[in-house]
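Biologist: I have a structure open and would like to learn how to read its features. Could you walk me through a few of them?

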Amino acid sequence: MHDLRALRADPEGFDAALKRRGEPAVATALLLLDRDRRAAETALQELQARRKQLSKEIGALRRTGGDSSALEAEVACAKARMEELQTQVDDLDSRIRGTLERLPNRLDAGVPDGADESANVVVHQHGTPREFAFTPREHFELGEALGFMDFETASRLSGARFVVLRGPLARMERALGQFMLDLHTGENGYVETCVPVLVNNEAMYGTDKLPKFADQSFRTEDGRWLIPTAEVPLTASIAGQILPAGELPRRNVALSSCFRSEAGAAGRDTRGMLRQHQFQKVEMVSITTPEDSDAELERMTRCAEMVLERLGVPYRRMLLCAGDTGFGAARTYDLEAWLPGQKAWREISSCSTTRDFQARRMNARYRAADGKPAFVHTLNGSGLAVGRTLIAVMENYQNEDGSITVPDVLRPYMGGVEVIRAG
């Protein structure tokens, strides 16, 4: 959510910031609505004061036996007009809020211009893609040949974009999640948290998933939502609170099932596990002060990179351009893992700072040094997407005979298994 005071102070700058994201200018229209609302509020306050004064005068006349009928008529007129003004204020406030809540966050000045992912900038690359003596296969070819990845059964059970994993591949997915949690809690200072996967409208709205992205999530018949990421409950858990400054930063991490409708993804990544309706993800969330949030983004992204480095998967860090940065983010780094089966870099983690964009929506604040409440800054990042990490491990550690070598760091979680072979 945007600060209307900032728009009043610099309407041209507000529109210029939206233009970077391809949004039309809205400042003039919003300021006109704001002007009318404030005028209606002023008139309402004046009538409230007049009505209060009239009530006193009527009381005085009644005590002395005077005629108060004219004043009572004025009170009745004032009451009717106040109801009209309150309706007008409420309508204008709803129109202003309805516009603001559909506008994306203002971008950090360091975000490069660009319309789509082709303008994203490589910050750095870690590791060199492996050279194979054979033609590497994609993960679904490997998994199906091993007999441990079953899309046909999943389709009969649930439809497209689901998978059934069995045996050592199911165990490897579990191992990856456990390894990530152990790393983030044991070395990176995050507190493990188990969160609900069903949340209410307020939680989704506060984390900028509603109203704009309602079509990308699944809703139950009783009106709750299946979480698209654990970011939602982790971040929304501080809604309406004023946190002591000494408790910041708060760093939480959760491994959860995530659910996305993949609206608009028809024809994209239809084979395999890259784009699923249900998947596992380890999510990191940080709550911090405005002066520390930029450093926290660098720290969070580094924590995600550590996972790939320990697994030995080549990756590169990308700074997303204006056109590719998500709705709520002010600045985003994507980590892209090398997938030799696809011969392509594919996103495996996204780490973002939303600054105070989400905090304003959920009224989440902290007690600043001057004693006054101020909005916190919220950050979120994948640490990592477990299914996509499984894909990266399978493709990078595949052998010519179709088996998959288990990375050293996962072997303790795999009961010492060193190679996954066909069952």
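Biologist: Which residues does the UniProt annotation "coiled-coil region" cover?

Modeller: Keep in mind that this is a predicted model. According to the unreviewed UniProt entry, the "coiled-coil region" covers residues 30-102. In the model, that span is 92% helix and 0% strand, and its end C-alpha atoms lie 13 Å apart.

Biologist: How many Å should helix 4 span, and what do its end C-alpha atoms say?

Modeller: Count 1.5 Å a residue: helix 4 (residues 69-100) has 32 residues, so it should span 46 Å. Its end C-alpha atoms are 46 Å apart, which agrees.

Biologist: Which residues of helix 4 are buried?

Modeller: Look for residues under 20% relative accessible area. In helix 4 the buried residues are L71, V75, A78, M82, L85, V89, L92, I96, G98 and L100.

Biologist: And what do those buried residues pack against?

Modeller: Their partners are helix 1 (4-9), helix 2 (11-20) and helix 3 (27-64).

Biologist: In which sense do strand 13 and strand 14 pair?

Modeller: Strand 13 (residues 365-367) pairs with strand 14 in the antiparallel sense, over 3 bridges. To see this on screen, find Y366: it stands opposite A374 in strand 14.

Technical notes. Residues are numbered from 1 along each chain as its sequence is written. This is a predicted model: local features need pLDDT of at least 70, side-chain atom pairs count only at pLDDT 80 or more; totals for chains, interfaces and linings use all residues. Side-chain values use heavy atoms; hydrogens and water are left out. Two strands pair if DSSP finds at least two bridges between them. Helices (H or I, at least four residues) and strands (E, at least two) are DSSP runs, numbered from the N terminus. UniProt positions are given in the numbering used here, feature names are shortened, and annotations may be inferred rather than shown by experiment. The expected span of a helix is 1.5 Å times one less than its number of residues. Buried means under 20% relative accessible area, exposed over 50%, partly exposed in between (1.4 Å probe, protein chains only). Contact means heavy atoms within 4.5 Å.
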